[in-house]
Amino acid sequence: MTEMLISYANWISTDPSSTFKLKACEIIDAAFRNVTNRCFAKPYRLSKVNLGMEVLQLQLHSCVGAPLNGSSEIVNGNGDDVDRNVLIPLEAPYNSIPRGTWLKVLRALTSNDINSSRSSSTLRSVKAIASSDDEQWITPSNAAFRILQRLVTGKGVRTAQQMALDERDFNMVLHAYAALSQNQMHSAHRVMALQERTTHAPPLSAVAYSILLKAYGRWKDIKNVEMSILHAQRNSVVPDIVMANTVVDAYVNC
């Protein structure tokens, strides 16, 4: 994929028309989507997911001024020096990622295959998508939270208009945190806080509180079980059968 972007940058130096540039970007974007669709498809594998994250990073943050090894200068149609191996961003809207792709990433990062507690914390690291060149490795759940933030803010998300968020998007990330360990529950509450303050997100429901209560019950944390119930009451959440049973189970476990 890097070689493709280098070739694109070299071709841009010949000063093609806007129509041809847009068509070239469309073709390159289709190639990127072909790779990411495979990387974030079942069965989920950490190696595939990390390859997909690298491809997303490349498409989002390729930029002028990022020459690669062995580069040399050429002159474009305007007489300007251009590095032969520099990466140039694709034309809009292809310099962003389709919303559907982000949702595939979210499902992969929150899956049991990637978040399995049987894996060591080192093996469960994924490469973060960042605007800087600094390589960062974070947990899949933290990476998923960053994707969720993108879906909320629309940063790097290709869509015709702001779309309403699905409750399941938040609950996937919430469950990923709640299933890990008790010291990750502060991050689970960050997910709920993000949902609460996002105007185009659905309100917190019995499903979210069921996830929370199940986790606190599993760790015999009666204080936070009762705090979660009070929080649900303040938010006028009407318990469904699942939440009612989860409350009972939590008290029994505690």
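Modeller: Happy to! Keep in mind that this is a predicted model. The protein chain exposes about 13,500 Å², and carbon and sulfur atoms supply 52% of that area.

Biologist: Thanks! How many helices and strands are in the chain?

Modeller: The protein chain has eleven helices and six strands.

Biologist: And what share of the residues is buried?

Modeller: Of the 254 residues in the protein chain, 46% are buried. As for how the chain folds back on itself, take the contacts between residues at least 6 apart in sequence: 67% of them join residues at least 24 apart.

Biologist: Is Ser228 buried or exposed?

Modeller: Ser228 counts as buried because its relative accessibility is 3%, and the cut-off for buried is under 20%.

Biologist: What is Ser228 in contact with, beyond its neighbours in sequence?

Modeller: Setting aside neighbours within four places in sequence, Ser228 is in contact with Tyr209, Leu212, Leu213 and Tyr216.

Biologist: Which residues of H10 are buried?

Modeller: The buried ones are Val225, Ser228, Ile229 and Ala232. Looking down the axis of H10, these buried residues fall within an arc of 100°, so they line one face of the helix.

Biologist: What happens just after H10?

Modeller: Ser236 sits there, and Ser236 takes a positive phi of about 60°.

Biologist: Switching topic: how many salt bridges does the structure hold?

Modeller: There are five salt bridges. One of them joins Glu26 and Lys23, with the closest N and O atoms 3.7 Å apart. Glu26 and Lys23 are three residues apart in helix H2 (residues 18–39), which means they are separated by about one helical turn.

Biologist: How accessible are Glu26 and Lys23?

Modeller: Glu26 is partly exposed at 36% relative accessibility, and Lys23 is partly exposed too, with a relative accessible area of 45%.

Biologist: And what about Asp29 and Arg158?

Modeller: Their side chains meet in a salt bridge, at 2.7 Å from N to O. Asp29 lies in helix H2 and Arg158 in strand S6 (residues 157–158), so this pair ties together parts that are 129 residues apart in sequence. Asp29 is buried at 6% relative accessibility, and Arg158 counts as buried at 18%.

Biologist: Last one! Where is Pro89 found?

Modeller: Pro89 is in the loop between strand S2 (81–83) and strand S3 (97–98), and Pro89 is partly exposed, with a relative accessible area of 31%. Pro89 and Ala9 are 80 residues apart along the chain, and their C-alpha atoms are separated by 8.6 Å.

Note on methods. Residues are numbered from 1 along each chain as its sequence is written. This is a predicted model: local features need pLDDT of at least 70, side-chain atom pairs count only at pLDDT 80 or more; totals for chains, interfaces and linings use all residues. Side-chain values use heavy atoms; hydrogens and water are left out. Helices (H or I, at least four residues) and strands (E, at least two) are DSSP runs, numbered from the N terminus. Buried means under 20% relative accessible area, exposed over 50%, partly exposed in between (1.4 Å probe, protein chains only). Contact means heavy atoms within 4.5 Å. Accessible areas come from the Shrake-Rupley method with a 1.4 Å probe; for residues, only the protein chains shown count as cover. The arc is that of the directions from the helix axis to the C-beta atoms. A salt bridge is a side-chain nitrogen of Lys or Arg within 4 Å of a carboxyl oxygen of Asp or Glu.
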